[in-house]
Amino acid sequence: MAAMVFIDFQNCFILTLLCFLSLLCYSLFFRKPKNSPGHDLPPSPPSLPIIGHLHLLLSTTTHKSLQKLSSKYGPLLLIRIFNAPIILVSSASVAYEIFKSHDVNVSTRALAAIDESLVFGSYGIINAPYGDYWKFMKKLIATKLLRPQSLERSLGIRAEEIQRFYRSLLEKARKNEGVEISKEAMKLINNTLCRMSMGRSFSEENGEAEKVRGLVGESYALTKKMFLAALLRRPLKKLRIPLFKKEIMSVSDRLDELLERIIVEHTEKLDEKQQDKDMMDVLLAAYGDEEAEYKITMNQIKAFFVELFVGATDTSVQTTQWTMAEILDNPNVLERLREEIDSAVGSSRLIQETDLPNLPYLQAVVKEGLRLHPPGPLLVRTFQERCEIKGYYIPEKTTLVINAYAVMRDPDSWEDPDEFKPERFLSPKEDEKELAFKYLPFGSGRRGCPGGNLSQIFVGTAVGVMVQCFEWKIEGGKVNMEESFEGMNLSMVHPLKCVPVARPQAFSFTCNL
Ligand code: HEM
């Protein structure tokens, strides 16, 4: 009898525990956000039971799935991943209202997936809340890397690297060998950015460069997992489950090891360098300075460089690849571009970045490449406080996703939105003010990309050299524009591979170098 009572008690206890756990899981993951009177949430399109709209996020073309959803249900929607709500914006007019009236409120991105990760964790600038650390870093990036005087100082580095890029392509042309445009552009841009920010590039000889490129690739592959882990972090925290922690930390630890070596190298030489300090020198000096305006930590320094390798390089690489793909797919654009370069630069020297202001069509071609193929098609932020947008109530701490891809292909804002027409940026109709909120490849507001000018230089000169010096035989005969958004940036499913054929004047440039 005593045994039966005990069993009943045990069953009862297990049943209660199961009920409690089910309730907890329901409230954490499955319960839909409720409207309260006078607080109408934006409309929510039909979703799948339990997972909500997770299937759209996991698609290889999330930006297009979300674009399709918004063209059917509207430009301001509430979607959800399990129980985590997301406000999805897909038109210029809603984006305009957000950046004009709520910019500070959305000036924080999201929670990091794993705080201690150097890849998009809590130490870096990408996920830094809008506060002192972010302001300190933003000022430093602007003054040491991106303002006109700093760009003037690093002009020599970029000139050397673009010449190296040209020589490498010429070598391939001589051997009649094919090149993968993104790989050549990656070497060019990664070396240039590393030399500009930390005084040296990664060595090709001892495999260091390859290792960095591999780690950067691994980081991209983790992007969607990181987004999901960040989105579900709050509910999962209660269950003490950090999603994908092992995978994320494995990449972070290997990047840490690599940076540790570079930091030791820099620290040893710090006292010798009186002038020409790069960003690494300035950050290390701030680290050692008790009186520094902001007391930076070693992990913040490392995370900054990781985000620079991962975030700033591939965006420019993908833009170079997409822009070249569009040029080769549109022979009339290629012809007009070549005419402009030949007439402004001549046939006796290689194009330089100082030529760019005299090449308006080339600038328009790069802008149009970015409009059709923004490397970061989805801009992610968080509403810190509750607010009202277009008459709808947005609760605090809700994730905001602006589909920049959809905004830049919105037929209400763009004529022939899916066509590659660089001329649209030459028209006086497209004045800067009007463009500000419908042209979003660099995001917008306080947290918009500060690297727009530098990336125009990278892409403009790389594309300029490829058009000025070579004809291109496309492998497979035709460009395949299929898109993939599996990693961090919008890339080509079939990377652009071509054989360069040197134009007659290209050979004479070697004598000038
Ligand atoms: C074609 C090249 C590039 C594209 C398309 C691009 C795009 C973007 C986008 C979409 C964002 C998020 C903006 C937002 O949330 O509103 C961003 C942020 C950022 N980008 Fe870029 N980027 C490029 C190149 C660069 C370069 C070359 C640098 C630096 C040298 C850079 C540094 C940054 C930084 C530091 C942030 C974070 C800003 C913050 O949180 O305040 N980017 N970029």
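Met137 is buried, because 20 other C-beta atoms lie within 10 Å of its own, and a count of 20 or more is what the term buried requires. The model in which this residue sits is a predicted one. Met137 belongs to helix 5, which covers residues 132-146, and if residues up to four places away in sequence are not counted, Met137 touches Ile125 and Phe304. Between Met137 and Val467 there is a separation of 330 residues in sequence and of 37 Å in space, taken from C-alpha to C-alpha.

Of the 513 residues in the chain, 39% are buried. When contacts between residues at least 6 apart in sequence are considered, 75% of them join residues that are at least 24 apart.

In soluble globular proteins, nonpolar side chains tend to be buried together. Here the largest nonpolar core holds 122 residues, and the members that touch the most other members are Val89, Ala95, Ala462 and Val465. The element that gives the most to this core is helix 14, residues 298-329, which supplies 15 residues. Val465, leaving aside its neighbours within four places in sequence, is in contact with Ile162, Phe165, Tyr166, Leu350 and Ile351.

Helix 14 also packs against helix 19, residues 452-469, with axes that come within 9 Å and cross at roughly 40°, and this crossing is right-handed. On the side of helix 14 the contact is made by Thr315, Ser316, Thr319, Thr320, Thr323, Met324 and Ile327, while helix 19 contributes Ser455, Phe458, Val459, Ala462, Val463, Met466 and Val467. Sorted by class, the residues in the contact of helix 14 with helix 19 are eight nonpolar and six polar, with no charged ones.

Another pair to look at is helix 7, residues 155-175, and helix 8, residues 181-198, which pack at an angle of about 160° with their axes 10 Å apart. Helix 7 is therefore roughly antiparallel to helix 8, since angles over 145 degrees count as roughly antiparallel. Helix 7 passes helix 8 in a right-handed crossing. The residues of helix 7 that make the contact are Ile157, Arg158, Glu161, Phe165, Ser168 and Leu169, and those of helix 8 are Glu184, Leu188, Asn191, Thr192, Arg195 and Met196. In this contact of helix 7 with helix 8, there are five nonpolar, three polar and four charged residues.

Note on methods
Residues numbered from 1 in each chain as written. Predicted model: local features only at pLDDT ≥ 70, side-chain atom pairs only at ≥ 80, totals over all residues. Axes fitted to C-alpha atoms, helices over the stretch in contact; angles between N-to-C directions. Helix = DSSP H or I, 4+ residues; strand = E, 2+ residues; numbered from the N terminus. Parallel < 35°, antiparallel > 145°, perpendicular 65-115°, else oblique. Left-handed = near helix turned anticlockwise from the far one by under 90°. Contact = placed C-beta atoms within 7 Å. Nonpolar A, V, L, I, M, F, W, Y, C, P; charged D, E, K, R; others polar. Core = buried A, V, L, I, M, F, W, Y, C linked by C-beta atoms within 7 Å. Buried ≥ 20, exposed ≤ 12 C-beta atoms within 10 Å, placed from the backbone.
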